Amino acid sequence: MNQLDALTWPDAKNNIADKAARVLILVKMLLVIPFGVVVSSLVLYMTHQLNQPDSVAIGVTASFIGCTGIMRVIAGYMGDKLLSHYHLLLLCAFFLMIGSLLMTEPAYFYYGITCIAAASGLLIAV
């Protein structure tokens, strides 16, 4: 057997890793949908449903995007030092669920936005 055959021969360990990577990519794609929906409709929801001024809605959206960026750095540290990527993915799904539930009640809207921003930052680092 030459060296090229040894490098390209599939083994069972790589096959399992490929399957796990496919599942993680699928889950990550499904978790990105709430982030896209929130970012694309946040200003419209705040101005038309919550009757907030345009300046407040734009400020909240900018803060949402900024918080997501900060959470990427924090999640990257957590993924390297504290938790596994699997646990970050579970934490992301939990925060997305809680944030979506909190956003349905106008009194807890800002808490819901905060949870979704934190989850979106965690999702990027996974």
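User: Which backbone oxygen does the side chain of Thr47 reach?

Analyst: The general idea is the polar contact, a pair of N or O atoms within 3.5 Å; within protein, one must be able to donate a hydrogen and the other to accept it, and residues adjacent in sequence count only if both atoms are side-chain atoms. Here the side chain of Thr47 reaches the backbone oxygen of Leu44 at 3.2 Å. A note on provenance. This is a predicted model, where local features need pLDDT of at least 70 and side-chain atom pairs count only at pLDDT 80 or more, while totals for chains, interfaces and linings use all residues. Residues are numbered from 1 along each chain as its sequence is written, and side-chain values use heavy atoms, with hydrogens and water left out.

User: Where is Thr47 placed? Is Thr47 buried or exposed?

Analyst: Helices (H or I, at least four residues) and strands (E, at least two) are DSSP runs, numbered from the N terminus. Thr47 sits in helix H2, residues 12-48. Thr47 has 15%, so it is buried.

User: What is Thr47 in contact with, beyond its sequence neighbours?

Analyst: Contact means heavy atoms within 4.5 Å. Setting aside neighbours within four places in sequence, Thr47 is in contact with Gln52, Pro53, Asp54 and Ala57.

User: Which residue has a positive phi although it is not a glycine?

Analyst: Asn51, with a phi of about 55°. Asn51 lies in the loop between H2 and H3. Its relative accessible area is 62%, so Asn51 is exposed.

User: Step back. How many helices and strands are there?

Analyst: Five helices and zero strands. Along the sequence the pattern reads α-α-α-α-α. The protein has 126 residues, and 26% of them count as buried.

User: What share of the contacts joins residues at least 24 apart?

Analyst: Take contacts between residues at least 6 apart in sequence. Of these, 64% join residues at least 24 apart. Gly36 and Ser120 are 84 residues apart along the chain, and their C-alpha atoms are separated by 9.6 Å. Tyr110 and Phe64 are 46 residues apart, at 10.0 Å.

User: What does Tyr110 touch, and where is Tyr110 found?

Analyst: Tyr110 is found in helix H5, residues 109-125. Beyond four places in sequence, Tyr110 is in contact with Met46, Gln52, Val56 and Val60. Its relative accessibility is 40%, so Tyr110 counts as partly exposed.

User: How do the helix lengths check out for H3 and H4?

Analyst: The expected span is 1.5 Å times one less than the number of residues. H3 has 29 residues and reaches 40 Å from first C-alpha to last, close to the expected 42 Å.

User: Which residues of H4 are buried?

Analyst: Leu88, Leu89, Cys92, Leu96, Gly99 and Met103. The face turned away carries the exposed residues Tyr86 and Leu101.

User: Which residues have the most contacts inside the largest nonpolar core?

Analyst: A nonpolar core is a set of buried Ala, Val, Leu, Ile, Met, Phe, Trp, Tyr and Cys residues joined through side-chain atoms within 4.5 Å. The largest one has 24 residues, and those with the most contacts inside it are Leu42, Met46, Phe64, Cys92, Phe109 and Ile113. H2, H3 (54-82), H4 and H5 each supply at least two residues. H5 gives the most, with eight. Beyond four places in sequence, Cys92 is in contact with Leu31, Ala119, Leu122 and Leu123.

User: Which residues does Thr68 contact?

Analyst: Thr68 is found in H3. Its relative accessibility is 2%, so Thr68 counts as buried. Setting aside neighbours within four places, Thr68 is in contact with Phe35, Ala117, Ser120 and Gly121. Other buried residues of H3 include Ala57, Val60 and Phe64.

Notes:
Buried means under 20% relative accessible area, exposed over 50%, partly exposed in between (1.4 Å probe, protein chains only).
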